[in-house]
Amino acid sequence: MSLRIETIRECLEGIIPGHIATCDREGTPNLAYLSQVEFIDNEHVALSYQFFNRTRQNVLADSPVRLLLTSHLTAAQYRLTLHYLRTEAAGPLFERMRAKLAGIASHTGMSGIFQLLGADIYRVLNIEQVPGETVPPPPPPVNCLNALRRTADRLATCSTLECLLEKAVDCLENEFGIAHLMLLMHDEARGRLYTLASRGYPESGIGSEIPVGAGVIGICARERTPIRIGFTNSEYAYGRTVRDGIAADGQADALETAIPLPGLPDAASQMAVPISVAGRLLGVLYVESVSDLHFGYDEEDALVAFAAQLGLAIVHHQQADDLPDEPAGSEEEAPAVAGTPLTIRHFAATDSVFIDDDYLIKGVAGAILWVLLSDFAERRRTSFTNKGLRVDPRIRLPGVSDNLEARLVLLQRRLEERDAGIRLTKTGRGRFSLAVDHPLQLLES
């Protein structure tokens with residue numbers, strides 16, 4: 001094979017529709033437009049199966065298959081010879097293609113017509129460039145490989161999970177030039193993802209949630225595969241789906257305690273990448289832009305590699321925090337505080353916590369805060385360890401993959417945003433302190 005499919009991936013974005021040529025058993029040729037070609041590897045591609053038409057009949061009858069693809073960057077054309085292998089109607093590849101096709105359909109006004117029935121897998125037998133005039137490709141806006149190298153160097157300097165998460169989103173913004181992004185962690189027990197960090201939005205949305213399976217972010221989490229859409233499509237808009245998902249749960253206080261998920265109301269390009277380690281989903285990295293086709297295959301490759309490194313680093317810091325440093329000295333009792341009391345209300349059913357009737361947090365992070373404040377009120381305790389929290393039966397952690405350290409970062413950031421005089425401060429590996437500036441009135445509901 002003279003060319004590799006990875007070198008012409010811009011032809012697969014669907015900007016210029018491809019052509020597929022087949023023939024029937026009698027040798028009658030058939031030429032049709034092709035909506036979508038998906039890169040799998042250098043030996044395989046997937047074509048969208050939307051209709052049982054003449055092309056489909058010919059393919060199933062073992063017809064030779066030729067594609068004609070055109071680069072929107074250089075005007076170069078390529079002829080591919082393929083051999084049909086099988087059709088997939090579910091799974092990660094199918095979901096990636098369905099999401100992309102929905103964007104293409106919306107962009108071309110064909111939303112009611114383009115419906116993916118399956119992903120047809122083909123082996124690539126040959127690629128040849130069609131003779132003709134071409135133009136030089138424009139330079140990429142970002143050198144993704146160089147940005148990835150600089151990011152790896154910066155992440156390697158982090159000594160805490162909080163530092164790691166902060167530098168991760170900072171690198172995405174400053175090294176990769178991504179202006180709008182979110183980092184979400186997986187709450188396996190509740191089947192949701194919660195926002196731990198963001199960039200580029202008026203409100204941080206820290207603590208906001210989205211169900212697994214809803215929108216680009218949720219589908220990425222469910223299928224453990226990158227989802228990338230180049231054109232605006234309401235079907236995969238996470239803002240609406242998260243509200244619908246909350247309402248469908250039937251929780252009495254869900255809408256009242258829902259922190260709005262940040263995001264662009266007019267996002268055109270969206271990409272979600274799973275953060276996984278050893279088959280375990282840790283979270284999802286989500287990026288978006290108001291420009292069509294802002295993220296291509298190169299950006300997808302770079303963010304997949306970035307997410308893999310980030311996942312390993314998260315696990316490293318979580319394991320390190322399970323081995324706390326020895327305390328510097330004997331624990332001192334917190335002095336009494338004066339002033340206007342803070343009313344802290346805890347709803348045990350959802351572990352939702354309110355400060356003076358304003359919602360703060362819920363779930364495991366809410367249970368952690370309630371335990372910390374209860375110990376402070378009863379025993380004036382201010383020093384805690386991650387290991388101690390993990391074995392505390394009052395918190396009811398869901399299991400080994402509890403993401404405790406990430407939940408502590410979430411709680412710390414929510415308290416900083418609320419600025420009510422309650423603070424968590426890391427004091428060493430696996431250790432932190434609680435500071436309270438007002439008397440507390442704790443109410444259990």
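**Ground rules.** I am working with a predicted model, in which local features need pLDDT of at least 70 and side-chain atom pairs count only at pLDDT 80 or more, while totals for chains, interfaces and linings use all residues. Residues are numbered from 1 along each chain as its sequence is written, and side-chain values use heavy atoms, with hydrogens and water left out.

**Whole chain.** I noted ten helices and 20 strands in the chain, taking both as DSSP runs numbered from the N terminus (helices H or I, at least four residues; strands E, at least two). Of the 445 residues, 50% are buried, where buried means under 20% relative accessible area, exposed over 50% and partly exposed in between, with a 1.4 Å probe and protein chains only. The accessible surface is about 20100 Å², and carbon and sulfur atoms hold 52% of that area; the areas come from the Shrake-Rupley method with a 1.4 Å probe, and for residues only the protein chains shown count as cover. I also looked at contacts (heavy atoms within 4.5 Å): among those between residues at least 6 apart in sequence, 69% join residues at least 24 apart.

**The sheet.** I followed six strands through an open sheet in the order β10-β9-β8-β13-β12-β11, with antiparallel pairing; two strands pair if DSSP finds at least two bridges between them. The edges are β10 (209-211) and β11 (227-229), each of which pairs on one side only. Neighbouring strands are turned by 25° against each other on average, direction ignored; axes here are lines fitted to C-alpha atoms, for helices over the stretch in contact, and angles run from 0 to 180 degrees between N-to-C directions.

**Around β9.** Strand β9 (residues 192-199) is joined to β10 by three bridges and to β8 by seven, again antiparallel. Tyr194 stands opposite Glu209 in β10. The hairpin of β8 and β9 has four residues between the strands, and there Gly191 takes a positive phi near 65°. Eight of the eight residues of β9 are buried, so this strand is largely enclosed by the rest of the structure.

**Helix α5.** I then turned to α5 (residues 215-223), of which eight of the nine residues are buried, so the helix is largely enclosed by the rest of the structure. Its buried residues include Val216, Ile217, Ile219, Cys220 and Glu223. Just after α5, Arg224 takes a positive phi of about 55°.

**Helix α10 and its neighbours.** Helix α10 (residues 404-418) lies across β8 and β9 and runs at about 55° to β9. Helix α8 (residues 363-379) packs with α10 at an angle of about 70°, the axes being 9 Å apart, and the two are therefore roughly perpendicular to each other; by the convention used, angles under 35 degrees count as roughly parallel, over 145 as roughly antiparallel, 65 to 115 as roughly perpendicular and the rest as oblique. I listed Val364, Ala365, Ile368 and Leu369 from α8, and from α10 Leu404, Arg407, Leu408, Leu410, Leu411 and Leu415.

The axes of α4 (residues 161-174) and α10 come within 10 Å and cross at roughly 70°. This contact is made by Leu161, Glu162, Leu165 and Glu166 of α4 with Glu405, Ala406, Val409, Gln412 and Arg413 of α10, and I sorted the residues into four nonpolar, one polar and four charged.

**Pro398.** My last entry is Pro398, in the loop between α9 (386-391) and α10, which is partly exposed with a relative accessible area of 40%. Pro398 touches Ala189, Val364 and Arg407, not counting residues up to four places away in sequence. The C-alpha atoms of Pro398 and Arg190 are separated by 9.3 Å, although these residues are 208 residues apart along the chain.

Key. Ala, Val, Leu, Ile, Met, Phe, Trp, Tyr, Cys and Pro count as nonpolar, Asp, Glu, Lys and Arg as charged, and the others, Gly among them, as polar.
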